[in-house]
Amino acid sequence: MGDQANKKTMTGVVVSSKMDKTVVIKVERKFAHPVFKKVVKTTKKYKVHDEKNECVEGDFIRIQESRPLSKEKRWRLLGVVVRQKSLVIEKAK
């Protein structure tokens, strides 16, 4: 289990869930610009392995680094932090 502690974790919003067992998430990062000292916001997209196809667009999820699963997939889903509200309402009906 010592290897698990060294893996990176991130949180982001699901942008696309059209693929089978794969979702695309957008991770937003803020940092101070080295020269101008202004806070800069950057975004990056990651492809994440979603074994149960449980994520939908708009979900806020936590991911963890893993071994390469395909050409571009190097992250696994740890869990859904916040579900999209419209999906919860539809399932309740």
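Guide: Start with one term. A residue is buried when its relative accessible area is under 20%. Tyr46 has a relative accessible area of 17%, so Tyr46 is buried. Keep in mind that this is a predicted model.

Visitor: How much of the protein chain is buried?

Guide: Buried residues make up 25% of its 93 residues. The accessible surface of the chain is about 7,000 Å². Carbon and sulfur atoms own 53% of that surface.

Visitor: Which elements does the chain have, and in what order?

Guide: Count first: there are two helices and five strands. Then read from the N terminus: α-β-β-β-β-β-α.

Visitor: How do I read the pairing of S1 and S2?

Guide: Look at the sense and the bridges. S1 covers residues 9–16 and S2 covers residues 22–32. They pair in the antiparallel sense over three bridges. Val14 stands opposite Ile25 in S2. The two strands form a hairpin with five residues between them. In its turn, Lys21 has a positive phi of about 60°.

Visitor: What joins S2 to S3?

Guide: 11 bridges do, and the strands run antiparallel. S3 spans residues 39–49. Lys26 stands opposite Lys45 in S3. Here too there is a hairpin, with six residues between the strands. Lys37 in that turn has a positive phi of about 60°.

Visitor: Do S3 and S5 run parallel or antiparallel?

Guide: Parallel, with three bridges between them. S5 is residues 73–82. Val48 has Trp75 in S5 as its bridge partner. S5 also pairs with S4, residues 60–65, in the antiparallel sense over six bridges. There, Arg62 has Gly79 as its bridge partner.

Visitor: Which residues form the largest nonpolar core?

Guide: Such a core joins buried residues through their side chains. This one has 12 residues, including Met10, Val14, Ile61, Tyr46 and Trp75. S1, S2, S3, S4 and S5 each give two or more residues to this core. S2 gives the largest share, three residues.

Visitor: What is Ile61 in contact with, leaving aside its neighbours within four places in sequence?

Guide: Its partners include Met10, Val14, Val23, Ile25, Cys55 and Leu77. Gly79, Val80 and Val81 are also among them. Now take the whole chain. Among contacts with a separation of 6 or more, 49% are between residues 24 or more positions apart.

Visitor: How is a pair of aromatic rings described?

Guide: By two values: the distance of the centres and the angle of the planes. A search of the whole structure finds one aromatic pair. The rings of Tyr46 and Trp75 have centres 5.3 Å apart and planes at 65°, so the pair is edge-to-face. Tyr46 lies in strand S3 and Trp75 in strand S5, 29 residues apart, so to speak of the pair is to speak of a link between distant parts of the chain.

Visitor: Is Trp75 buried or exposed?

Guide: Trp75 counts as buried, at 9% relative accessibility.

Visitor: And Thr22: which strand is it in, and is it buried or exposed?

Guide: Thr22 is in strand S2. Its relative accessibility is 7%, so Thr22 counts as buried. Its side chain makes a polar contact with the side chain of Lys73, at 2.9 Å. Leaving aside neighbours within four places in sequence, Thr22 is also in contact with residues including Ser17, Lys47, Val48, Asp50 and Asn53.

Note on methods: Residues numbered from 1 in each chain as written. Predicted model: local features only at pLDDT ≥ 70, side-chain atom pairs only at ≥ 80, totals over all residues. Heavy atoms only, no water. Pairing = 2+ DSSP bridges. Helix = DSSP H or I, 4+ residues; strand = E, 2+ residues; numbered from the N terminus. Buried < 20%, exposed > 50% of the residue type's maximum accessible area, 1.4 Å probe, protein only. Polar contact = N/O pair within 3.5 Å; in protein donor to acceptor, adjacent residues only side chain to side chain. Contact = heavy atoms within 4.5 Å. Core = buried A, V, L, I, M, F, W, Y, C linked by side-chain atoms within 4.5 Å. Areas by Shrake-Rupley, 256 points an atom, 1.4 Å probe, with all protein chains shown as cover. Phe/Tyr/Trp six-rings, centres within 6.5 Å; stacked < 30°, edge-to-face > 60°.
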